Amino acid sequence: MAQQIILLTNTGSPRTANEEDVRSYLREFLTDGDIISVPYLMRQLLVRGIIVPRRTHFSSERYRRLLALSGGVMPLPVEMQRLAEQVAQLTQLPTLYTPRYAQTSRAEWGERIAQLVGTDDVEVLLLPLFPQYTRSNAGSAITYFSDLPKPTGGQYKTTVLTPWGTDSRYIDQLVDLIQRRVDTSDDSYHYIASYHSIPEAHQKYDQTHGWDYYAQCVATLQAVTRRLGVPEERVHLTFHSAMGHGRWLEPTLVSVLQELAAQGVRRAVLFSPSFVADCLETKLDLDLEARELFLAAGGEELIYVPCLSTHPDSGALIASLVERVQRQC
């Protein structure tokens with residue numbers, strides 16, 4: 001039987017909040033054709049000549065705010081490393097956290113695998129930790145980490161986890177995280193699920209390739225709503241983190257928060273099913289800025305539910321997803 005190794009991947013984050021590190025991260029992230037889908041030369045000129053110079057200082061300041069909120073550490077790599085250690089213990093398999101944008105080449109990742117398990121008869125179990133699939137999250141990671149090169153020549157065989165946004169254990173843990181923070185029998189609360197937005201062009205591209213990100217988001221939320229047992233009229237699907245020009249998936253989190261406050265809703269519960277671990281977007285956009293906006297608009301309370309990695313059994317969930325991948329081998 002082949003020696004197996006688990007790769008847990010998500011987007012990643014800059015190494016530090018220093019502008020040099022943020023600049024490097026933004027360049028790698030935004031020059032990915034699955035993120036900005038324009039021809040190569042145009043993308044390079046746009047990103048390196050316009051977007052990164054304009055965004056670096058602003059993004060660096062945001063990461064500094066994140067560090068101040070998180071005890072001086074980047075929460076995403078810390079949480080993901082902890083999760084990788086739990087999964088390794090539960091599965092008894094070597095497990096690496098491999099962020100997609102880590103200024104690390106495919107060859108370097110191949111060498112890391114060789115150092116841990118060698119190069120002979122090895123199978124990589126690739127788990128993109130994005131419950132809902134789109135080309136700019138799991139799609140990019142799968143393209144990058146599949147069939148990594150061996151230092152001795154050839155490529156590692158890779159088996160990939162399929163989208164898991166309606167996995168029963170995942171839904172159970174999302175619901176449990178919510179119920180730990182709010183009395184769901186209190187009918188004054190409205191529940192807001194905010195997913196990372198994508199351009200409508202990406203949505204259409206995915207649909208032509210057999211995927212529908214919006215439908216996956218709806219399916220996850222419907223499963224959560226059924227398990228919570230709350231009326232659908234008090235549950236809202238939203239999107240956040242749109243940037244740049246063009247049309248992105250809607251409704252936006254900001255518009256829904258403002259509308260609810262204007263309608264007299266005073267208490268809301270906010271969670272993000274598209275993130276496994278808290279990061280810049282969840283800690284700043286959701287936990288901090290969304291609360292400030294809702295309160296300023298007339299709301300009285302916004303409860304933010306942290307991401308899946310904070311659940312005491314999140315390692316067991318990921319281990320169960322490893323078993324699903326193994327059944328595909």
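Predicted model: local features only at pLDDT ≥ 70, side-chain atom pairs only at ≥ 80, totals over all residues.
1. Is Ser-146 buried or exposed? Its relative accessibility is 16%, so Ser-146 counts as buried, the cut-off being under 20%.

2. Which residues does Ser-146 touch, once those up to four places away in sequence are set aside? They are Arg-106, Leu-126, Thr-158 and Val-160.

3. Next, the overall fold. The protein chain has eleven helices and eight strands. Its radius of gyration is 20 Å, close to the 20 Å that the globule rule gives for 329 residues, so the chain is as compact as a globular protein of that length. The C-alpha trace spans about 65 × 45 × 45 Å along its principal axes.

4. Of the 329 residues, 53% count as buried. Take the contacts with a separation of 6 or more: 78% of them join residues 24 or more positions apart.

5. Now the helix pairs. Two packed helices are described by the angle between their axes and by the distance between those axes. Both values are given below for each pair.

6. Helix α3 (residues 75-91) meets helix α11 (residues 314-328). Their axes come within 9 Å and cross at roughly 60 degrees. The two helices are therefore oblique to each other. The crossing is right-handed.

7. Which residues make the contact between α3 and α11? From α3 come Leu-83, Gln-86, Val-87, Leu-90 and Thr-91. From α11 come Ser-314, Gly-315, Ala-316, Ile-318, Ala-319 and Val-322. By class, the contact of α3 with α11 has seven nonpolar residues, four polar and no charged.

8. The other pair is helix α6 (residues 168-179) with helix α8 (residues 213-228). Here the axes come within 9 Å and cross at roughly 55 degrees. That angle makes α6 oblique to α8. α6 passes α8 in a right-handed crossing.

9. On the α6 side, the contact residues are Tyr-170, Ile-171, Asp-172, Leu-174, Val-175, Ile-178 and Gln-179. They meet Thr-220, Ala-223, Val-224, Arg-227 and Leu-228 in α8. How many nonpolar, polar and charged residues does the contact of α6 with α8 have? There are eight nonpolar, two polar and two charged.

Note on methods: Residues numbered from 1 in each chain as written. Heavy atoms only, no water. Axes fitted to C-alpha atoms, helices over the stretch in contact; angles between N-to-C directions. Helix = DSSP H or I, 4+ residues; strand = E, 2+ residues; numbered from the N terminus. Parallel < 35°, antiparallel > 145°, perpendicular 65-115°, else oblique. Left-handed = near helix turned anticlockwise from the far one by under 90°. Contact = heavy atoms within 4.5 Å. Nonpolar A, V, L, I, M, F, W, Y, C, P; charged D, E, K, R; others polar. Rg over C-alpha atoms; globule rule 2.2 N^0.38 Å. Buried < 20%, exposed > 50% of the residue type's maximum accessible area, 1.4 Å probe, protein only.
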